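Open the model in your viewer and keep the selection tool at hand. The stops below follow one another through the fold.

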Amino acid sequence: MAMNFHSTILKKFSLMLDNSDDYDVIIRVGKYKNIKDFYAHSNILRARSLYFRYAFFKESITREDGMIMLNRPNITPNTFKMILEYIYVGEIDLTNQVGKDILDLLITSDDMLFDEIFNSVQDYLIEKKSTWIRQNLLFVLISVFKLEKYKKLQDYCFKNICVGTRSFITSKDFFLLDKDMLYYLLKNYDFRVSHIEESVVWELLIKWGINQIPELENKPNQDDWTDKNYEDLKNILSNFIPLIKFLEISSEDFYYKVRPYKSIIPNDIYEEITEFYLVEQPKLFHYIQNLY
């Protein structure tokens, strides 16, 4: 019969973390006024963490009075405290942690190669802090967008932009999306699921493009635009325009909202749209009439 003494071992390791006087590593984390020194044991860190194993192998490692000195200014004290608790006792309590600190823990666990923490924390953040994510969509996206491992969290953010969050796409945050985020959003997600008309998507894209050109901020009247202004807008939106579903825009909206920007739309796309409204759509209309 195998006897289990895990609880006793974990208790001893917890005491080593909180009260040990035989540590040989001092890790300074944080910056500005939020700095704290943590004391740990190199043998435990090496055994539990590939990240620390690599760190201790570096020839440039700093030692003072026999102590290994590490400096990690990009990690907050609160986040590193949770990391050390995981290393020593295999536990992390997120119950009273705010969304920002949980996101910090997620990013730090990725940087420090703790895949087990990363996967669990990403799920926890989505499931338990969904309200916080929805309130901070732009902040979360900027934090994780360019990182492949965060796809689950990225998808959650983008879906929330499209589904039931008209307030986001009509807020100033929408215009702070960078070009890669906006392109990914338009290419991979359908605004129709939240009953947002394609003409509205087009208007938002135009406003986003104008927002990228400081000179146009002082020209609210399109009659004041120069050929160069149109050329600048065309260059900025060139990759986005093919993503717009122009054939789902009504003929009236096309005339008043799209036609004024004819010069920024590629000729082949504009010709296809024009043919639809002048030829194909009337055919469809007459066909439907004949059915009745």
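Which residue just after helix 4 takes a positive phi? Select Gly-90: in this predicted model, its phi is positive, at about 70°.

Now step back into helix 4 itself, residues 77-89. The end C-alpha atoms of helix 4 are 18 Å apart, which agrees with the 18 Å that its 13 residues should span at 1.5 Å a residue. Colour the helix by accessibility: 10 of the 13 residues are buried, so helix 4 is largely enclosed by the rest of the structure. Among the buried residues are Pro-77, Thr-79, Phe-80, Ile-83 and Ile-87.

Next, select Thr-76, in the loop between strand 4 (67-72) and helix 4. Because its relative accessibility is 25%, Thr-76 counts as partly exposed. Show side chains here: that of Thr-76 makes a polar contact with the side chain of Thr-79, at 2.8 Å. Leaving aside residues up to four places away in sequence, Thr-76 touches Val-29, Asn-34 and Asp-104.

Follow the contact to Val-29. The bridge partner of Val-29 in strand 2 is Lys-36. Lys-36 also lies 8.5 Å from Thr-76, C-alpha to C-alpha, although 40 residues separate the two in sequence.

Technical notes:
Residues numbered from 1 in each chain as written. Predicted model: local features only at pLDDT ≥ 70, side-chain atom pairs only at ≥ 80, totals over all residues. Heavy atoms only, no water. Helix = DSSP H or I, 4+ residues; strand = E, 2+ residues; numbered from the N terminus. Buried < 20%, exposed > 50% of the residue type's maximum accessible area, 1.4 Å probe, protein only. Contact = heavy atoms within 4.5 Å. Polar contact = N/O pair within 3.5 Å; in protein donor to acceptor, adjacent residues only side chain to side chain. Pairing = 2+ DSSP bridges. Expected span 1.5 Å × (residues − 1).
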